[in-house]
Amino acid sequence: MATRKTRKPASERSTGGTVLFTGFPGFIGARLIPRLLELRPGATFECLVQEKFLPAADASVAALASSHPHTKGRIRLVTGDITAPGLGLGAGAAKSLAKRITGCFHLAAVYDLAVARDVGMRINVEGTKNVLEFLGGASAVRRLDYVSTAYVSGTAVGTYRETDLDVGQSFKNHYEETKFLAEAAVRESGIPSAIYRPGIVVGDSRTGETAKFDGPYFALNAMSLLPSPGAFLRIGDGEAEVNLVPVDYVLEAIARLGAWDGAIGKTYHLTDPAPETALSLAELLAKSIGKSFVYVPVPLPLAKLAFVVPQVSGWLGMPGQTLDYFDHPVHYDAAQATKDLARFGLACPPFRSYVQKLVAFWKKKRAEITRGAMI
């Protein structure tokens with residue numbers, strides 16, 4: 001599991017201020033804020049929430065106050081919308097908020113490989129630009145912490161570094177494209193920023209808990225439907241890396257780096273430095289549910305063609321866009337993240353150390369949790 005120490009010297013931490021937060025009460029946002037408030041004892045958070053999500057946000061604030069007493073009175077909800085100019089705030093509210101905030105965590109986005117381009121542009125790109133414009137008018141803002149994705153790499157092959165962004169790549173889907181454009185806007189804004197690029201986020205390495213079953217869970221769904229012993233698809237040669245990271249590692253990494261001034265100006269791959277290959281991942285998943293398969297090689301274009309038929313993807317519970325991530329020869333170098341997180345005693349755990357936790361939670365909750373978005 002991801003390990004952590006409890007404190008660092010206050011001189012190394014951003015300890016106070018008023019922070020604008022987008023992406024609450026999402027699964028990650030609602031778990032990140034209490035940890036940030038623990039690490040930043042003088043801080044308060046202003047959470048921008050769409051009106052339709054206010055009841056859920058209110059309930060989340062109350063639940064956090066009960067389970068994490070240190071959050072009580074330190075989370076304030078502000079009705080707004082990142083897709084609207086001025087974040088959808090009235091002139092008076094916008095002016096007041098701009099005067100108060102000293103930082104921002106921007107998590108709100110559509111995390112879905114199948115997102116339509118117009119939706120991705122409106123939420124991921126224009127939404128981010130609206131946040132940047134608002135922060136540009138807030139004179140006390142010291143930093144922005146922005147959650148991107150490792151898959152801004154698009155079709156790039158070989159080693160993709162934390163210092164890379166535009167390397168001439170194209171994109172496998174509109175999710176990748178719009179997150180790339182959003183990260184480019186953050187970099188071009190001139191606002192001091194720390195940028196986080198998670199890989200494929202899976203459940204908690206300690207409990208297996210997740211709010212969505214996508215990525216490798218799609219393979220679990222498919223395997224559960226097939227006879228064993230039997231045959232299962234192997235996309236390509238099976239040697240491509242599949243970069244999975246547990247949500248608790250991602251949360252703790254963002255919390256630690258987000259409370260440390262040394263992270264400003266850096267981009268971090270929150271990825272597994274030694275990921276499983278597509279074939280070893282399939283073997284681990286099959287073993288975890290007591291199944292045995294012969295892996296039949298299928299070229300990626302042929303596999304994607306089969307998934308054009310809605311009945312195929314529907315029966316397997318696996319969208320065709322997922323296939324690209326099991327046959328793409330890219331390695332995410334995480335040298336900066338590895339180095340800086342080591343000061344906090346934090347490292348990404350290997351997938352095989354927590355796969356049984358993920359599978360146990362999946363077995364228990366698979367009927368209750370449907371396909372979600374991939375970060």
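**Close-up 1. The buried residues of helix α12 in the predicted model.** Helix α12 spans residues 355–365, and its buried residues are Val355, Leu358, Val359, Phe361 and Trp362. These residues lie on the same side of α12, because the arc they cover around the axis is only 165 degrees. Among the elements that cover them are strand β8 (200–202) and the helices α6 (216–225) and α8 (278–288).

**Close-up 2. The open sheet of seven strands.** The strands follow the order β3-β2-β1-β4-β5-β7-β12, and their pairing is parallel. The edges are formed by β3 (75–79) and β12 (267–270); each has a single partner strand, so one side of each has no neighbour in the sheet. From one strand to the next, the twist averages 20 degrees. Helix α3 (residues 91–100) packs on the sheet, where it touches β1 (16–22), β2 (42–49), β3 and β4 (101–106). The direction of α3 makes about 100 degrees with that of β4.

**Close-up 3. The pairing of strands β7 and β12.** Strand β7 (residues 193–198) pairs with β12 in the parallel sense over four bridges. Proline 198 has leucine 270 of β12 as its bridge partner.

**Close-up 4. The crossing of helices α4 and α5.** The axes of α4 (residues 117–136) and α5 (residues 174–189) come within 9 Å and cross at roughly 15 degrees. The two helices are therefore roughly parallel to each other, and α4 passes α5 in a right-handed crossing. Residues of α4 that make the contact include Arg117, Met121, Asn124 and Leu132. On the α5 side, the contact residues include His174, Tyr175, Leu181 and Val186.

Terms used:
Residues are numbered from 1 along each chain as its sequence is written. This is a predicted model: local features need pLDDT of at least 70, side-chain atom pairs count only at pLDDT 80 or more; totals for chains, interfaces and linings use all residues. Side-chain values use heavy atoms; hydrogens and water are left out. Buried means under 20% relative accessible area, exposed over 50%, partly exposed in between (1.4 Å probe, protein chains only). The arc is that of the directions from the helix axis to the C-beta atoms. Contact means heavy atoms within 4.5 Å. Two strands pair if DSSP finds at least two bridges between them. Axes are lines fitted to C-alpha atoms, for helices over the stretch in contact, and angles run from 0 to 180 degrees between N-to-C directions. Angles under 35 degrees count as roughly parallel, over 145 as roughly antiparallel, 65 to 115 as roughly perpendicular and the rest as oblique. A crossing is left-handed if the near helix is turned anticlockwise from the far one by less than a right angle, and right-handed if clockwise.
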